[in-house]
Amino acid sequence: MTACAEFSFHVPSLPELAEVMQKGLKDNFAEVQVSVVDCPDLTKDPFNFPVKGICGKTRIAEVGGVPYLMPLVNKKKVYDLNKIAKEIKLPGAFILGAGAGPFQTLGFNSEVIEVKAKRRTGQLNFVTCLRQTLGSHYGNKPVGMGGTFIVQKGKVKAHIMPKEFSSCPLNSDEEVNKWLHFYEMKAPLVCLPVFVSRDPGFDLRLEHTHFFSHHGEGGHYHYDTTPDMVEYLGYFSPAEFLYRIDQPKETHGFGRD
């Protein structure tokens with residue numbers, strides 16, 4: 001049995017979060033609208049998720065970590081999502097998110113935060129802007145968020161990992177970036193973000209977003225490359241708990257972009 005630590009996030013009300021996110025995004029996008037809405041049916045296009053919503057007993061589970069991938073991969077670190085669902089006290093949970101930090105929900109409809117943002121004017125990507133906004137406002141009270149967003153227009157910088165793990169140790173971001181394959185990918189893209197406003201001491205990856213599409217493109221989201229035309233539409237919900245599973249005993253700070 002791997003070690004599992006539980007932490008309770010600070011969970012502001014949805015109207016409060018919407019107000020905070022509205023103010024923060026205005027510094028980075030020309031047009032912003034953040035509101036509390038009923039969650040749309042996410043089983044329909046363009047999402048096509050297996051459940052309707054992203055509400056319920058929300059958790060973030062961070063399993064393992066980058067130190068199990070680099071400098072050299074530890075191939076013994078293989079996880080069973082059914083067992084993870086039991087670890088986080090939600091057997092049969094709907095698991096949504098990037099590989100290093102899936103977002104857990106019960107999968108039914110309720111209210112969520114809807115975020116619309118167009119034409120990036122600042123330097124921060126969409127997810128980093130949201131995360132840093134929460135960090136600036138809530139300070140030492142960690143807030144965790146997850147959900148989904150669509151890149152409706154524009155293109156993004158993305159990476160995918162090579163077919164084979166690196167046989168040479170990767171000891172810096174520069175070495176990691178030489179190993180990864182980078183591409184520019186076009187909208188529409190369905191993205192699955194997880195982000196935490198600050199690390200409460202669990203060696204977390206503060207943000208992580210993967211995406212897929214219905215035109216054959218997918219990968220790890222970095223930022224949009226067409227700021228003058230990009231459009232985002234997202235639905236987010238705050239997490240009640242963090243579950244840190246199998247935290248690496250030895251860590252480092254690279255490979256987390």
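## Buried charges, a cavity and a pocket

At 18% relative accessibility, Asp203 counts as buried, a label for residues under 20% relative accessible area, with exposed meaning over 50% and partly exposed the range in between (1.4 Å probe, protein chains only). The model is predicted, so local features need pLDDT of at least 70 and side-chain atom pairs count only at pLDDT 80 or more, while totals for chains, interfaces and linings use all residues. Residues are numbered from 1 along each chain as its sequence is written, and side-chain values use heavy atoms, with hydrogens and water left out.

Asp203 forms a salt bridge with Arg256, with 3.1 Å between the closest N and O atoms; the term requires a side-chain nitrogen of Lys or Arg within 4 Å of a carboxyl oxygen of Asp or Glu. This pair links distant parts of the chain, 53 residues apart: Asp203 is in the loop between strand E10 (189-196) and E11, and Arg256 is in the segment after E14. Helices (H or I, at least four residues) and strands (E, at least two) are DSSP runs, numbered from the N terminus.

The structure holds one cavity of 30 Å³ or more. Asp203 and Arg256 are among the residues closest to the centre of the largest cavity, together with Glu62, Gly65 and Val66, out of 11 lining residues. About 40 Å³ of space lies in this cavity. A cavity is a set of points, on a 1 Å grid over the protein atoms alone, where a 1.4 Å probe fits but cannot get out; a pocket is an open set with protein on both sides within 12 Å along at least five of seven lines, and lining residues have an atom within 4 Å of a point. The cavity lining divides into four nonpolar, two polar and five charged residues.

The second largest pocket contains about 270 Å³ of space. Its 19 lining residues include Asn125, Thr128, Glu207, Arg256 and Asp257 as the closest to its centre. Helix H3 (126-138), strand E11 (207-212) and strand E12 (219-224) each give two or more residues to this lining, and E12 gives the most, with four.

Glu207 also meets Arg131 in a salt bridge (2.7 Å, N to O). Arg131 lies in helix H3 and Glu207 in strand E11, so the pair ties together parts that are 76 residues apart in sequence. Both Arg131 and Glu207 are buried.

The structure holds nine salt bridges. Another of them joins the side chains of Lys77 and Asp246 at 3.0 Å, N to O. Here Lys77 is partly exposed, at 30% relative accessibility, whereas Asp246 is buried, at 10%.

Conventions
Grid points are joined across faces, edges and corners, and a volume is the space filled by probe spheres set on the points. Ala, Val, Leu, Ile, Met, Phe, Trp, Tyr, Cys and Pro count as nonpolar, Asp, Glu, Lys and Arg as charged, and the others, Gly among them, as polar.
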